[in-house]
Amino acid sequence: MKASPAARPDDANECCPPSLGTGNSPQSRQLFRFRRALVAYVDNGLMLLILILMSDTLLIGGVFYPIRVVSPSMMPTFNGPRFRIPCARCGFPQTWCAATQSLPECLGRAVCPNCGSRLAEQRREFATIVPKPAYFVGDRVLLLKGIWRGWRRWDVVAFYNTGEKGGLTLKRIVGLPGERIEVRAGLLWVNGQPQPRPWQVQRAVCVPVWRPQMSDSFAIRLEATSPPAHSGTFSIEHPVTTYCHFHPVLDQQEGPTRNLILRFRIAEFSPGTRLQIRSDLGTGHIDLVLELPSRYSIRYFEHNDSEQDSEGEYLSGELPHRVIKGDLAISLVDQRFLFVVNDGVVAERDYATKPLTRPISRPFQIAVEQGSATILELGLWKVSSYLDAQHVNNFLPGYYLLGDDPHISIDSRHFGNVPKGRVIGRVVNWPFARPTSHMNGG
Ligand SMILES: [Zn+2]
């Protein structure tokens, strides 16, 4: 029995329908293949278009209809600061003014975190500086929504804010439904346990506060001498407070802080070099010793009322291979010591100490105990402490959300938890709206 080709034109094995010409000539076969390919292209294109249209409501928001940043408290994280103005006295490339302040209002209060000079006294210089706008409230972001549901702690989400200002607002999730949340002593507590911010969050929210020199090529050469002398040691004598330089509001409380991050690179070293980085906690210290190029050890000391320091536990291990010329960081943020190499946490240890009564005068000290090393790109960064909330939230029915800049954030401390249904998506940055890294942005 012979099947008619015209009766099943879509047959995959079909060589050519009669309408295309006479029999199996190469030309007619080619024409048929071309037509079939064209139909497939149109089909796929339509599918793609439908998918994209669906995605804007279900999967990804912000592709066609812009979703705009309306929360200045998240601007350091997502859009960078508003203005980058180098300090007229020291050249520190600090960022001043969040979105809610006018420039004169901001400059009237701002203080350089590096040299401490008041910007108001630099007004003559400011006349010649054109502030470089970075990003503003209203910049757009992308949202992962719909099937991406199941938000986790530390995700930044967009939600419908029913509060005074209303609209779509961005905040960071710190508490999940069913948890007990408290903000106390500058820390987040979940079910009675302190919950320090992980490195990736710290990295996103930190702001620069000090550099030894404004030149990127500035290097610190440290060499051990015998007997040990000053030449082998570099001290960072820069007390840091909670003062928010980024958004200097009038009535802000200023106090001492340990929420610091030290970053540097090791450019070169002689074989067998022992490099010690001491982090002063005010009531004790933590020594990180790098036995270059292969090992590290960490030791924790508590200051006692008696003259003798008590020595805590001892951690040690192998250094990652790429420690040389890699990006090294030591974080003391949220009462947890982190040793980070190329964005990977190599070692961590919680420390609990008494509250500080005054800023630490010399938060870090780098010393070469043996051999020699060259340090590059040394800098000090700060992460804001969470500001304490009045109440404890028991067994949350929704998400507890906080802003990254607690000084200007209106968040769950004020409006309580946010029901699941009002959270519409997880924020990813609009790929074209921001420099590659806030941390490297200087
Ligand atoms: Zn300065």
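Which residue stands opposite Val190 in strand 11? Point 2 gives the partner.

1. **Basis.** This is a predicted model: local features need pLDDT of at least 70, side-chain atom pairs count only at pLDDT 80 or more, and totals for chains, interfaces and linings use all residues. Residues are numbered from 1 along each chain as its sequence is written, and side-chain values use heavy atoms, with hydrogens and water left out.

2. Strand 10 (residues 187-190) meets strand 11 over 2 bridges. There, Gln193 stands opposite Val190. Strands are DSSP runs of E, at least two residues; helices are runs of H or I, at least four; both are numbered from the N terminus. Two strands pair if DSSP finds at least two bridges between them.

3. **Arg184.** The side chain of Arg184 forms a salt bridge with Glu182 (2.8 Å, N to O). A salt bridge here is a side-chain nitrogen of Lys or Arg within 4 Å of a carboxyl oxygen of Asp or Glu. The charged end of Arg184 also sits over the ring of Trp189, 4.1 Å from its centre. That term requires NZ of Lys or CZ of Arg within 6 Å of the ring centre and within 35 degrees of the ring normal. Arg184 is partly exposed at 38% relative accessibility, while Glu182 is buried at 15%. Buried means under 20% relative accessible area, exposed over 50%, partly exposed in between (1.4 Å probe, protein chains only).

4. **Arg197.** Arg197 forms a salt bridge with Asp334, with the closest N and O atoms 2.9 Å apart. The two residues are 137 apart: Asp334 is in the loop between strands 20 (328-331) and 21 (336-341), Arg197 in the loop between strand 11 and helix 5 (199-205). Both are buried. The charged end of Arg197 sits over the ring of Tyr386, 4.3 Å from its centre.

5. **Other salt bridges.** The structure holds 14 salt bridges. Among them is Asp411 with Arg413 (2.8 Å, N to O). Both Asp411 and Arg413 are buried. Arg274, Glu291 and Glu369 are linked in a network.

6. **Aromatic pairs.** The whole structure has 2 aromatic pairs. Phe159 and Phe415 form a tilted one: 5.9 Å centre to centre, 50 degrees between the planes. Phe159 lies in strand 7 (residues 156-160) and Phe415 in helix 6 (residues 412-415), so the pair ties together parts 256 residues apart in sequence. Rings of Phe, Tyr and Trp (its six-membered ring) pair if their centres lie within 6.5 Å; planes under 30 degrees apart are stacked, over 60 edge-to-face, the rest tilted.
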